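Look at the sequence and the model, then read on.

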Amino acid sequence: MMKKTVGLGVAASVVLAGGLAVAELREGYVYFEPSSEEHPLDEIISGREFRDDATRALQEDDFENPGFLSLEEGEELWSTVDGSENKSCESCHGDVAEGMAGVGSTYPKLMAQGGKTTLTNIENQINTCRTERMGAEAYKYDKPQLTGLTVLIKNVDRGEPVNVSTEGDYESWFKKGEELYYTRVGQLDMSCAHCHEEHYGEYIRADHLSQGQTNGFPTYRFKWQGMGSLHRRFSGCMKNIRGVPYAKGSDEFLALELYTAWRGQGLPVETPSVRN
Ligand code: HEC
Ligand code: HEC
């Protein structure tokens, strides 16, 4: 385990000064025990526990949850023929609930892509199937098509515990993700751990800081007035500390995706989640 960052940097204290107040998590909040003693968190808590009653209620209502519009778009695309091979996802994978069972909760995974084995998330895997097997163009990151299919696939595993591999060939990716998580970046010289490990449960301006868990992505955000991928969220957090974000779908964000998924190992998949 890497050494954790201790305390807040000078710049960070300035940002957090004044607005820093510890809020109680609501009574009876759900948490999970970490799988090993080396885990950096004492308890693993989904981001939903930090949101207000109305936001949580919206997430739990499949008819009202706006994320389901995105899922429906994915459903339609699943059986739509596209590309030079005249195939749809369904042609090869069949019914999504069967073909994609156990997939969403276990990504990112090492998969073949462009002739080599590399760490791949659901978004990149969808594009690999499109370009390498369908003769179709890749979807752009965070376009409704790619997000819709990702929501559809992750939602098949809703309620299943996040269960990513971190050993063997995964280890170098895992270490890289861990290093990124604890590296200070940006003008504010902060790491992910500053906010999501040392200060979760506290308020930063009007926002109740969570552990930065990833089990609800892609998510519907009021602020975005729409859906967004996990890499969009990573990017936003890096911009907030005035850092230069890595590209969506890049090896850096994939490594971070693996590492953050492991920090939430055991949390149920909640896609599509709702956030403020
Ligand atoms: C021509 C057949 C074909 C088509 C069409 C196809 N795929 Fe695939 N897909 C595959 C194969 C083969 C694999 C397994 C790749 C491997 O194991 O390296 C795969 C793997 C996947 C996986 C990972 C599954 C796992 O168990 O980890 C996902 C997710 C996926 N495809 C999504 C899609 C989506 C979404 C579409 C439509 C946009 C699609 N695929 C279209 C053949 C296809
Ligand atoms: C200055 C504090 C700060 C830093 C540093 C920061 N974040 Fe965040 N992050 C937030 C806030 C505020 C939110 C929205 C409220 C929440 O869920 O915590 C958020 C949300 C998130 C979420 C969404 C959680 C959910 O359940 O919807 C993820 C994932 C995340 N951050 C990951 C990261 C990663 C990875 C890094 C490092 C690259 C990082 N954050 C750095 C403040 C920060």
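## Two domains

Domain bounds here come from an automatic or database domain assignment. The model is predicted. Its protein chain is divided into domain 1 (10-63 + 161-275) and domain 2 (67-156). Between the C-alpha centres of domain 1 and domain 2 there are 24 Å.

Where the two domains touch, domain 1 gives 26 residues and domain 2 gives 20 residues. On the domain 1 side, β6 (226-228), α10 and α11 each supply at least two residues. The most come from α11, with five residues. By class, this side of domain 1 has 15 nonpolar, six polar and five charged residues.

## Around ligand 1

Ligand 1 has 18 residues around it. Which of them come nearest? They are Lys87, Cys89, Cys92, Cys129 and Arg133.

The largest share is that of α6, with seven residues.

## A closer look at α6

Helix α6 supplies residues to the ligand 1 shell, and it also has buried residues. These are Ile122, Glu123, Asn124, Ile126, Asn127, Arg130 and Met134. An α-helix has 3.6 residues a turn, so residues three or four places apart point the same way.

What covers the buried residues of α6? The cover includes β1, β2 (116-120) and α7. Just after α6 comes Gly135, with a positive phi of about 65°.

## Around ligand 2

Ligand 2 is surrounded by 25 residues. The closest are Gly47, Cys192, Cys195, Gly212 and Cys237. Two or more residues each come from α9 (192-196), α10 (230-240) and α11 (251-263).

Which element gives the most to the shell around ligand 2? The answer is α10, with five residues. In this shell, 11 residues are nonpolar, 11 are polar and three are charged.

Terms used: Residues are numbered from 1 along each chain as its sequence is written. Chains are lettered from A and ligands numbered from 1 in the order in which they are written. This is a predicted model: local features need pLDDT of at least 70, side-chain atom pairs count only at pLDDT 80 or more; totals for chains, interfaces and linings use all residues. A residue is near a molecule or strand if its C-beta atom, placed from the backbone, lies within 6 Å of it. Helices (H or I, at least four residues) and strands (E, at least two) are DSSP runs, numbered from the N terminus. Ala, Val, Leu, Ile, Met, Phe, Trp, Tyr, Cys and Pro count as nonpolar, Asp, Glu, Lys and Arg as charged, and the others, Gly among them, as polar. Two residues are in contact if their C-beta atoms, placed from the backbone, lie within 7 Å. A residue is buried if 20 or more other C-beta atoms lie within 10 Å of its own, exposed if 12 or fewer, and partly exposed in between; C-beta atoms are placed from the backbone.
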